[in-house]
Amino acid sequence: MTIRKNRFIATAIAGLIAAMPLLAGGTVSAGGQTSQSSTTQRDLVELQKKFQDLTVAGDSAGVSALMADEAIFIHGNGAAQSKAEFLTAMATGQLAFSMYQLKDPKVVIFDGGAIVSGLVDIAFKAAPGSQAPPRVLHMRGSSVWVQRPSGWRLILDQDTTLPAPTPPPAAAPAATPPATQ
Amino acid sequence: MTNRSQSISLATMVAVVLFAAGNSRGVSAQNGAAVRSKMTQAQMLDLQKQFEDASIAADAVKVSALMSDDAIFVHGSGAVQTKAEYINSLTTGQLKVSTYQLNEGQVVFFDGGAVVSGPTDIALVSPGGAPPRLLHLRVSTVWLAKPTGWQVILNQGTPIAGPPPAPAH
């Protein structure tokens, strides 16, 4: 009887010791890695699309929910807006998109966040009564998303306007232009 | 050993294991905040300056150490480079930077990293002794706190549109 009891206790202690690293490691996963690793590149592209669609819809509440309070939004002309300024511009109609699309997206996932970048096409709504065609911009955009306990939040969005495509050269092609800052 | 003492020993072991597990949860949750609190805004701006100075010096080793392997570099023209391409363009002289200066930098920390952003003056050396090309960009650099140190994961520049021309009289 005593031998059986001792064996039971020894087994219980060994089990607890074996479970210790699992318990400790499990908390790390639960704290960050599990939810992050479960977020795929596709999920992030969809999240980005959701942000863009809400912006086109002028849905301030939806956009606000996806942006970190300290977010920075840098437009293609270099103008920077805070989250509050971006939402105000949307609400007042100062910033009214009719199209906001990401093409050829590239996703870089890092510990606690991700970057979604690619080619961005944006069109602005024409003023009421205007016969002018909508202004369309072609840009290279990057959005930095961070993972918060309440969900993914946009902390930086920056667009860089791409130069207009040049007409095909009449003569021999020019040398490859150097990359410029 | 009596049954009572055996029970006490077992209960003590359980308590120790549960305490250790709970403690590790607290440590892991605070890890990001601890990393963040180690850097001040001034230190982030200093780190940014190190990257800018290393780019001017075409110091491939230093630039490499400050960039994550999967970093994205978006120039003001919209051209995109990987880390390897950026370093290669610096070392081959394809990209010669003579001025790279962030003004009024804004630092936004997030768990595990920071965004450093602001108006930036850049001068590119032109071939043939021509005057350098001056650029006025808004540049954002996203830094990550990695176990090996802080590294750039994204650098993007956007030309700041100049003021409208004065109206003609």
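Colleague: What makes strand β4 (residues 106-110) of chain B and β5(B) a pair?

Modeller: The rule is that two strands pair if DSSP finds at least two bridges between them. β4(B) and β5(B) have five bridges, in the antiparallel sense, so they meet the rule. One facing couple is B:Val108, opposite B:Val115 in β5(B). Strands here are DSSP runs of E, at least two residues long, and helices are runs of H or I, at least four long, both numbered from the N terminus.

Colleague: What should I keep in mind about the model and its labels?

Modeller: The model is predicted, and local features need pLDDT of at least 70, side-chain atom pairs count only at pLDDT 80 or more, while totals for chains, interfaces and linings use all residues. Residues are numbered from 1 along each chain as its sequence is written, with chains lettered from A and ligands numbered from 1 in the order in which they are written.

Colleague: What lies between β4(B) and β5(B)?

Modeller: Two residues, and the strands form a hairpin. B:Gly112 in the turn has a positive phi of about 95°.

Colleague: Which other strands of chain B pair with β5(B), and over how many bridges?

Modeller: Strand β3 (residues 97-102) joins β5 (residues 113-124) through five bridges, running antiparallel. There, B:Val97 stands opposite B:Leu124. Strand β6 (residues 133-146) joins β5(B) through twelve bridges, also antiparallel. In that pairing B:Ala123 faces B:Leu134.

Colleague: Why is A:Asp104 called exposed?

Modeller: A residue is buried if 20 or more other C-beta atoms lie within 10 Å of its own, exposed if 12 or fewer, and partly exposed in between, with C-beta atoms placed from the backbone. A:Asp104 has 7 such neighbours inside 10 Å, so it counts as exposed. This residue lies in strand β3 (residues 97-110) of chain A. A:Asp104 also has a positive phi of about 50° although it is not a glycine.

Colleague: What is the phi of B:Ala58, and where does that residue lie?

Modeller: The phi of B:Ala58 is positive, about 55°, although this residue is not a glycine. Most residues other than glycine have a negative phi. B:Ala58 sits in the loop between α2 (41-56) and α3 (60-66) of chain B.

Colleague: Are B:Ala58 and B:Lys146 buried, exposed or partly exposed?

Modeller: B:Ala58 has 17 C-beta neighbours inside 10 Å, so it counts as partly exposed. B:Lys146, in strand β6 of chain B, has 15 and therefore counts as partly exposed.

Colleague: How do you know that the buried residues of helix α4 (residues 83-91) of chain B lie on the same side?

Modeller: The buried ones are B:Lys83, B:Tyr86, B:Ile87, B:Ser89 and B:Leu90. They cover an arc of only 160° around the axis, so they lie on the same side of α4(B). The arc is that of the directions from the helix axis to the C-beta atoms. The buried residues of α4(B) pack against α2, α3, β1 (67-74) and β2 (80-82) of chain B, where a contact means C-beta atoms, placed from the backbone, within 7 Å. Just after α4(B), B:Gly93 takes a positive phi of about 85°.

Colleague: What makes a nonpolar core, and which residues touch the most other members of the largest?

Modeller: A core is a set of buried Ala, Val, Leu, Ile, Met, Phe, Trp, Tyr and Cys residues joined through C-beta atoms within 7 Å. The largest has 52 residues, and A:Val144, A:Ile155, B:Val115, B:Trp143, B:Val152 and B:Ile153 touch the most other members. Apart from it lies another core, of six residues, including B:Tyr100 and B:Ile122.

Note on methods. Two residues are in contact if their C-beta atoms, placed from the backbone, lie within 7 Å.
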